[in-house]
Amino acid sequence: MAQSALSLKELSAEDARLALAVERFVEVELGVQLRGERLLVACSGGADSTALLLLFCALRQRLGLSLFAAHLDHGLRPESAEDARATEELCRRFDVPFFLKRESVGELARKWGCGLEEAGRRARYAFLEDCRLRTGASWTLTAHHVGDLAEDVLMRLCRGAVWPGLGGMKAVMDEPGRRLLRPLLMVEKEDLEAMLQRLGVSWREDASNASRAWKRNRMRHDVVPLLLAENPSFYDSVRRLWRCARRDERGWNERLEQVIQTNGDGFFLSDAALKELGGSGRLRAMAEALRRMKGQARADTLEAVEKAWRRRMFPRRFSFGGGVKAELSGEGVLFRHAPGR
């Protein structure tokens, strides 16, 4: 198949507007400049990542981008090798350098003592970061869209997450070992599929996405449709919630830098700082300390910690998922990993 450079001029007016809206979201709303950058696109071969790749191919000349694509074959389905071949052909067609790795995620799950979903996630992000560093790309792009965001909000609600985490996944992640952008986070899946159909570009369907064995799929197929039936503008509500959480988070983070102290291998909130923060502020500061420790911030346990501190119940210890403990004393609250982790 002949290579195609693809540009905005080759898109329909509707698809060109979509591409420019994605550009605006990244540069204006997220504050990330794209012009002249090297970008790595995580491409599974599904509709979402195929659309992501094509949108940035269309923006490539306008923004002076250098694009690369990466695909991890999880080795969990008989057709996964064909998915990889189709994705490689797509990248060849649009002149995007392609990186492929095959991994036995089932073996990794047994080795790491975790579920298939977690093993696949860890292997995928490790591979993507390796490719990003090898190519010198500034960012890895993933194809999460507003439907994924809605599922994430609901899953966080079920887990008992606290604000502003309830607003859902971040569109920018810049931390050690992960530098991600989610440019499609405000876009609906049906708009992505409609664009591919107009361009005559096919994609691969992952049969496991239909399985209700996974909580995310149950949210996607059972819960979200009910909410859309109740409110056809449900995705607009999710967008507003996300934007509210991000605005609030930006202002809050400026304050947190003055409150959360590094203490050895953990984080410390002093008694004086906790008194100044007030009830809701204390809960949010504790949730952020847990996030930095990669612990799981259950709202009920955080409330118990705050209540014990307020009642001066020292010394006390509380355990969180991820092997993180909160230790209370008259000096403040220390979050650290349990011994042996």
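Analyst: Rings of Phe, Tyr and Trp (its six-membered ring) pair if their centres lie within 6.5 Å; planes under 30 degrees apart count as stacked, over 60 as edge-to-face and the rest as tilted. This is a predicted model, in which local features need pLDDT of at least 70 and side-chain atom pairs pLDDT 80 or more, while totals for chains, interfaces and linings use all residues. Residues are numbered from 1 along each chain as its sequence is written, and side-chain values use heavy atoms, without hydrogens and water.

User: How many aromatic pairs does a search of the whole structure find?

Analyst: One of the pairs joins phenylalanine 234 and tyrosine 235, with 6.1 Å centre to centre and 40° between the planes. The search of the whole structure gives a total of three.

User: Is phenylalanine 335 buried or exposed?

Analyst: Buried means under 20% relative accessible area, exposed over 50%, and partly exposed in between (1.4 Å probe, protein chains only). Phenylalanine 335 has 0% relative accessibility, so this residue counts as buried.

User: How are the planes of phenylalanine 320 and phenylalanine 335 arranged in their pair?

Analyst: The ring centres are 6.4 Å apart. Because the planes of phenylalanine 320 and phenylalanine 335 stand at 45°, the pair is tilted.

User: Which residue has its charged end over the ring of tryptophan 139?

Analyst: A charge sits over a ring if NZ of Lys or CZ of Arg is within 6 Å of the ring centre and within 35 degrees of the ring normal. At 4.0 Å from the centre of the tryptophan 139 ring, the charged end belongs to arginine 179.
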